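Subject: Structure handover and notes

Dear colleague,

Please find the structure below, with its sequence. My notes on the contents follow it.

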Amino acid sequence: GAVQYGSDAIGGVVNILSKRPEFTKDLDYGGDAYARIGSIDRESTQWTDLWVANPLASVLVGGTGQHSDDYRGPREGRIRNTGFDALGGYGKLSVRPAEGQTVGLSFIENERTNVDSYTSSKLNPSGTPRNFTPIERRWLGKVDYTFTDPAPFLKDLTPYLYNQSFVTARNLATENATTITTTRTDAKQIIYGGGLQGTVPLNLF
């Protein structure tokens, strides 16, 4: 994963499968909502999505939000510089141009801000973090065309194209006896790609 996605992915990458909008016999709509509160880091997470569908098209949109404060332990107490905030959104439009065929247009975006990095060896003498990320934004857009049951040995076949971007800013603070010097690094990565994905039924074997 590190070759394509950068040094932070050296331990692996996550394959994100977004929700698929479902077609309905008649016009229909609905939604879901979720909320969670955690005590160890006073974390709060919320997400919601809405969908509307008919026999020929379906639309799904949603959003997420998360706030994580510093971690706290029964013996350690508050561990400073371990929090962050995050906002995200996603959406997908699916259209049936013909029976057994589906065109999809989707996106997913996530933005993290105020990311404090706690590492004992990377703290300044005063306890302020050397590494701080004021913003970190990821985006993935995708267009695909799915053929259902295109062959006896295939459940579906999907050619697709995608655009992926990653934008970040990082502050490096170094401290001596009298001053703190901060260096800001901005980075931007854009990837274009495509592929072909198929599903083989398990009962084929």
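A salt bridge here is a side-chain nitrogen of Lys or Arg within 4 Å of a carboxyl oxygen of Asp or Glu. This is a predicted model, in which local features need pLDDT of at least 70 and side-chain atom pairs count only at pLDDT 80 or more, while totals for chains, interfaces and linings use all residues. Residues are numbered from 1 along each chain as its sequence is written, and side-chain values use heavy atoms, with hydrogens and water left out.

Salt bridges

Side chains of opposite charge can pair when their charged atoms come close. The search of the whole structure gives seven salt bridges. One of them is between R137 and E111, with 2.8 Å from N to O. This pair links distant parts of the chain: R137 is in strand 8 (residues 131-151) and E111 in strand 7 (residues 101-116), 26 residues apart. Strands, here and below, are DSSP runs of E with at least two residues, numbered from the N terminus. R137 is partly exposed at 29% relative accessible area, and E111 is partly exposed at 25%. For these labels, buried means under 20% relative accessible area, exposed means over 50%, and partly exposed is in between, computed with a 1.4 Å probe on protein chains only.

R138 forms a salt bridge with E136, and the closest N and O atoms are 3.0 Å apart. The two partners carry separate labels: R138 is partly exposed, with a relative accessible area of 38%, whereas E136 is buried, at 6%. Both residues also belong to a network of salt bridges that links R112, E136, R138 and R170.

A further salt bridge joins R184 to D186, with 3.2 Å between the closest N and O atoms. D186 is exposed, with a relative accessible area of 53%.

Two strands are taken to pair if DSSP finds at least two bridges between them. Strand 8 and strand 9 run antiparallel and are joined by 15 bridges. K142 has Y162 as its bridge partner in strand 9.

Strand 9 also pairs with strand 10 (residues 180-199), in the antiparallel sense and over 20 bridges. Here the hairpin runs through four residues. L161 stands opposite G194 in strand 10.

T168

Which strand holds T168? T168 is found in strand 9 (residues 154-175), and T168 is buried, with a relative accessible area of 5%. A polar atom of the T168 side chain lies 3.4 Å from the backbone oxygen of I135. That distance falls under the definition of a polar contact: a pair of N or O atoms within 3.5 Å, where within protein one must be able to donate a hydrogen and the other to accept it, and residues adjacent in sequence count only if both atoms are side-chain atoms. Leaving aside residues up to four places away in sequence, T168 touches T133, I135, E136, T185, D186 and A187. Contact means heavy atoms within 4.5 Å. The list includes E136 and D186; E136 is the salt-bridge partner of R138, and D186 that of R184.

Aromatic rings

There are four aromatic pairs in the structure. One is Y34 with W47, which is stacked, at 5.8 Å centre to centre and 20° between the planes. Rings of Phe, Tyr and Trp (its six-membered ring) pair if their centres lie within 6.5 Å; planes under 30 degrees apart count as stacked, over 60 as edge-to-face and the rest as tilted. Y34 is in strand 1 (residues 28-37) and W47 in strand 2 (residues 44-53), so the pair links distant parts of the chain, 13 residues apart. Y34 is partly exposed at 36% relative accessible area, and W47 is partly exposed at 27%.

Two charged side chains lie over rings. A charge sits over a ring if NZ of Lys or CZ of Arg is within 6 Å of the ring centre and within 35 degrees of the ring normal. R112 lies over the face of F84, at 5.2 Å from the ring centre. K142 lies over the face of Y160, at 4.9 Å from the ring centre.

L56

L56 is in the loop between strand 2 and strand 3 (57-68). L56 counts as exposed, at 56% relative accessibility. Not counting residues up to four places away in sequence, L56 touches F23, S94, V95 and R96. L56 and A98 are 42 residues apart in sequence and 8.9 Å apart in space, C-alpha to C-alpha.

Regards
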